[in-house]
Amino acid sequence: MDYDLNEEQELLKKAAKGFLSKECKPLFVREMEENPHGITPELWQKMAELGWMGLIFPEEYGGIGGSYLDLMVLLVEMGYSCLPGPFFSTVILGGMTLMEAGNEEKKQKLLPGIAEGKIFVTLALTEAIAGYSPERIAVKAEKDADDFVINGTKLFVPDAHLANYIICVARTKEGENKEDGITLFLVDAKSQGVVITPLKTFAGDKLNEVVFNNVKVPKGNILGELDKGWPIVKKVLQKAAIAKCAEMVGGGQRALELAIEQVSEREQFGVKVGSFQAVQHHCANIVTYLDTSRLMTHQAAWRISEGLSCEREIAMTKAWVTDSCRSLVALAHQAVGGTGFMEEHDLQLYFRRTKAAGVYFGNADFHREALADVMGL
Amino acid sequence: MDFEFTKEEKALQEEVREFMKKESTPEMLKETEDMGDIYGGPEGRKIIQKMAAKGWLTPTWPKEYGGLGVSDVASYMIREEMGYHGLPFGFVAAHMAGPTILRFGSDEMKKKWLPRIASGELEFALGYTEPQAGSDLSALNLRAEDKGDYFLLNGNKLFNTSCHIADCHWLACRTDFDVAKHKGVSMMIVDLKSPGITISPLITMAGWQTNEVVYEDVRVPKENLVGEKNKGFYYLMAALDFERMFPLGRYHRVFDELVEYTKKTIVDGKTLSKDPLIRQKLAQLSTEIEVTRLLYYQLAHILDKGGIPNYQSSMEKTFATECAQRIVNVGMDILGLYGQIKEGSKWAQLKGKVEKFYRTSIVETIYAGTSEIQRNIIAQRGLGLPR
């Protein structure tokens, strides 16, 4: 057994931390919450130059050929700094779906562009009856000669406002088996009939309503096979779930630090607040939630990276990290006290983001139910 | 990174499991359960001595003292399996005293005691707690007077489990009353059959026995002093850093049996395992058991790297023992009215194990440092908050 990051991963972590502490300060995070784009081209380009967008792509597609575990290291730091912008949607939801399902031509066409920071891709999955099961996919794509025509509304589509391409998860066949009959379409975001409307969200994430109104997509733009899209979606969702866990772990680390800073400085009754056992026990619980979240995330990411069976670990991890990181930020608020309730204190950024992250790709109940299946209950 | 056992460790695990399944007897299982997993009963001694002959009781010790010189991960794995398979897993001599002797004892002491501990021949009883010294262990005041070639001991110990079945007392006593409390403590090995020792049983709500032990003019030879005089509190604390851990095995087993129970128990035309609330609860517990596993082997990993677990051992102990309580509480909820029925009735479910472990679990968050003390340690040593 070896619980440690390797040397390269430690270097990556250090470099990412250093970069983000300069380029993604809390003030910038707040600005980007108000900014309709959610990112500046300057920062995005710098990230591309560091090779982050191509980290997990093979070298022949302009990437670095890093592992999923390497990506996890980066995501922890992004969560620590509350990095705004479309990294998650473009690289993980878009890039990983293309890696899983794109043919050679599509990969050659898009992945190097993503790696260079020139192309944005997102995944349009959830709908009005929102959820992460195949029953919830109702947006239809119907065959029309050599094209497909998509109709319906996708909701909560991250960063669609920036996207050059939207991968639309659509129903192409109705039947008893809901997993069958789902197809992935690579849609040019400029296509006629695509209407994107931003949604105002409490954590500052740029989510959108995307209406497909008779949108024509050539059949050559199907990713993977017709009707066989769900297994791909499922794979991407699993990786995305653990990627979110990594962000939450990073955020949790910062929340812990903010709590410790405050209770180590503030005095009441003539002593440091951090000397009271009630406060110490809150802090002990915070670090327990954090350490266990980190261990679970590392294990799941390692299993994904190694190509080992991981359905069980992914369900456990997303459930555990979702609940734990929410609880830990709430406890951090309790430890920090009134100051932390102020907008200008950074803790509130994490309180909002952790809750949003917990909901993405299945909340704790969803994953416990998935785990119950794995357990044969 | 790597979260799995090595090929060798996996092979050892298989071998250990086979051995435990083959060698377990109903008598041993009952004795272990009745005594609270401590070592020293006649049935336990039979199986443990067979196991010890393979080096499995003290696998990390050097070969010359009866170990195998293998990794701490392997050692932790064996302890987990012992708990899971119903063998005694609470060892004072092999897992607490022995490592301290190995670290701080003289060569004579090592030669005299370690091989007999590694073989399972000797078990010690922990001699720390006194009526006024529980969480505040440094307040212990069982007096040991230096009489030249022996110490003369007088005083009381409380909740000293194992004394009625162990061979020796692993005793913390006060050798100096004139210095700071923690600077006047020494560790000694005392033969529990020494004249002047009176052991009185205290029966717990779990049905287990613990003891009150009275020392009246008990003579202990000088050679039984561990390490240096007045350094005992330091040894004791160091031992806790190395040895504080809680294998969840026993409660993990109950959980697995509970899961099987819900799969085959039909209520209102469907199995309990199809009830959405029960599914949520069991999935949550299964997740917590996995979290415990990671915390547990993290300690072994730190030791294998040559480090000393710091706040991590407090975290593992607290998480595991609190998890154990949640497991049996959910178990009692799932069994409902049946949960109350004790072993022996035809209506008892899972041999009454759930109610029994429901009772036993309450002490796990109290002994070996309460959850509150552990959280103090996590905050003060792990996070640097002021004492």
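**Domains, a helix and a chain contact**

This is a predicted model. Chain A is split into three parts: domain 1 covers 7-119, domain 2 covers 123-228 and domain 3 covers 231-374.

Start with domain 1 and domain 3 of chain A. Their centres, taken over C-alpha atoms, are 22 Å apart. The contact involves 20 residues from domain 1 of chain A and 22 residues from domain 3 of chain A. On the domain 1 side, helix H2 (26-34), helix H4 (68-80) and helix H5 (87-101) of chain A supply at least two residues each. H4(A) gives the most, with nine residues. By class, that side of domain 1 of chain A has 15 nonpolar, three polar and two charged residues.

Now the contact between the chains. Chain B puts in 34 residues and chain A puts in 37 residues. Which elements of chain B give two or more residues to the side that touches chain A? They are helix H8 (249-264), helix H9 (276-304), H10 and helix H12 (371-382) of chain B. The largest share is from H9(B), at 14 residues. By class, this side of chain B has 18 nonpolar, 11 polar and five charged residues.

Last, helix H10 of chain B, residues 311-335. At 1.5 Å a residue, its 25 residues should span 36 Å, and its end C-alpha atoms are 36 Å apart, so the two agree. Is H10(B) mostly covered or mostly open? Mostly covered: 18 of the 25 residues in H10(B) are buried. After H10(B) comes Gly336(B), with a positive phi near 60°.

How values were computed
Residues numbered from 1 in each chain as written. Chains lettered and ligands numbered in written order. Predicted model: local features only at pLDDT ≥ 70, side-chain atom pairs only at ≥ 80, totals over all residues. Domains from an automatic or database assignment. Contact = placed C-beta atoms within 7 Å. Helix = DSSP H or I, 4+ residues; strand = E, 2+ residues; numbered from the N terminus. Nonpolar A, V, L, I, M, F, W, Y, C, P; charged D, E, K, R; others polar. Expected span 1.5 Å × (residues − 1). Buried ≥ 20, exposed ≤ 12 C-beta atoms within 10 Å, placed from the backbone.
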